[in-house]
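This report accompanies the sequence and structure shown here. Please read the two together.

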Amino acid sequence: PPMHESAYDSTDVDATYLRFRVEEGDVKEAVRGASALNVAGLNVTVPHKGTVASLPFVELDETAERIGAVNTLDFADKSEDDTVARGYNTDASGALRALERKTEVAGKKAVLVGAGGAGRAIAFALAGEGATVEVVNRTYERGEKLADDVSEIGEATAYPLDELDDVVPDADIVINATTVGMEEDVSPVPADSLRPHHVVFDAVYTPLETRLLRDAEEAGATTVDGAWMLVYQGAEAFEIWTGKTAPVEKMNAVLREEL
Ligand code: NAP
């Protein structure tokens, strides 16, 4: 909320950003209720992104449809009569904009560790931009399904977790989209596979400086932390809701202060 409210303050948008805890069985009513209350928009977070994407009265934008997850709802944008909102996935574009701070993505080879919600969004974003994606996931079948789905729009291959050592050194971009590094100071990527030519991006943002990012810095690699993805997914949601350009630097400063 402070990140969004700082954006409203500095762009003269008369709005407030509130958090609501919603139980799994109440998601449908929550979205319909928000529409009835003339709420302008919602962000949707774990574990409801997939449920919202499957609601019959939410019309999905192309990216959200491919990923099968919605993190942003816009109630103003209803193009068909029986829909109450349009659903977007700004995690995908948020991750892309975060990476693009440090590297071009088109034509690059990216190793993506993780195939959960964040992993799916990042894989589609990268492939859509012309990167080759190598998905490495603890549960191989889940990574394989993601690589298969992504292959419809670009190039993606799945590898088992024990082959991470082999695929990382040759990659241009290395991404963690697992939860590893949140609870304990451990990295999902072996430190000795990191190289100075790598751009290493960690989607984890608590803590901001993960073991993976510290290992990457020690290896001389370029790093991007998870707060940038969080800022850009929020910035894009702000732009969808307000039609104004998001004050990204301001949002970034407030978010980092909060974190
Ligand atoms: P999720 O859907 O629950 O997926 C979790 C992923 O982590 C799966 O690929 C899972 O593998 C893997 N995993 C979990 N424990 C593991 C372990 N011990 N070893 C190896 N792999 C393990 O979670 P999510 O929503 O994708 O979130 C993943 C991370 O991204 C979280 O830290 C979240 O905070 C972050 N995130 C950041 C942003 C941002 O804006 N920066 C946005 C969204 C998410 P299996 O398939 O084998 O279970």
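The model is predicted: local features require a pLDDT of at least 70, side-chain atom pairs count only at pLDDT 80 or more, and totals for chains, interfaces and linings use all residues. Residues are numbered from 1 along each chain as its sequence is written, and side-chain values use heavy atoms, with hydrogens and water left out.

**Ligand shell**

There are 21 residues around the ligand, and Ala118, Asn137, Arg138, Thr139 and Arg142 come nearest; a residue counts as near if one of its heavy atoms lies within 4 Å of the molecule. By class, the shell comprises 11 nonpolar, 8 polar and 2 charged residues. Here Ala, Val, Leu, Ile, Met, Phe, Trp, Tyr, Cys and Pro are nonpolar, Asp, Glu, Lys and Arg are charged, and the others, Gly among them, are polar.

| Residue | Protein atom | Distance to a ligand oxygen |
|---|---|---|
| Gly116 | polar backbone atom | 3.5 Å |
| Asn137 | polar side-chain atom | 2.7 Å |
| Thr139 | side-chain N or O atom | 2.5 Å |

The protein covers 78% of the 920 Å² of accessible area that the ligand has on its own, as computed by the Shrake-Rupley method with a 1.4 Å probe. H6 and helix H10 (226-242) are the elements that give two or more residues to the shell, and the largest share, 3 residues, comes from H10. Helices (H or I, at least four residues) and strands (E, at least two) are DSSP runs, numbered from the N terminus.

**Helix packing**

Helix H6 (residues 117-128) also packs against helix H5 (residues 90-99), at an angle of about 60 degrees and with the axes 8 Å apart. Axes are lines fitted to C-alpha atoms, for helices over the stretch in contact, and angles run from 0 to 180 degrees between N-to-C directions. The crossing of H5 and H6 is right-handed, that is, the near helix is turned clockwise from the far one by less than a right angle. From H5, Asp91, Ala92, Ala95, Leu96 and Leu99 take part in the contact, and from H6, Ala121, Ile122, Ala125 and Leu126; contact means heavy atoms within 4.5 Å. These residues comprise 8 nonpolar, no polar and 1 charged.

A second pair is formed by H1 and helix H11 (residues 248-258), whose axes come within 8 Å and cross at roughly 145 degrees. This crossing is right-handed. Pro2, Met3, His4, Ser6, Ala7 and Ser10 of H1 meet Lys250, Met251, Val254, Leu255 and Glu258 of H11. The contact of H1 with H11 has 6 nonpolar, 3 polar and 2 charged residues.

**Lys49 and its surroundings**

Lys49 is located in helix H3. The side chains of Lys49 and Asp91 are joined by a polar contact of 2.7 Å. Leaving aside residues up to four places away in sequence, Lys49 touches Val44, Gly68, Ala69, Val70, Asn71 and Asp91.

**Backbone features**

Val46 and Pro47 are joined by a cis peptide bond with omega of about 10 degrees. Pro47 belongs to the loop between strand S1 (41-43) and helix H3 (49-53). Another cis peptide bond, with omega of about 5 degrees, joins Thr206 and Pro207; Pro207 lies in the loop between strand S9 (199-202) and helix H9 (211-218). Asp12, a residue other than glycine, has a positive phi near 60 degrees and is placed in the loop between helix H1 (2-11) and helix H2 (27-36).

How values were computed. Polar contact = N/O pair within 3.5 Å; in protein donor to acceptor, adjacent residues only side chain to side chain.
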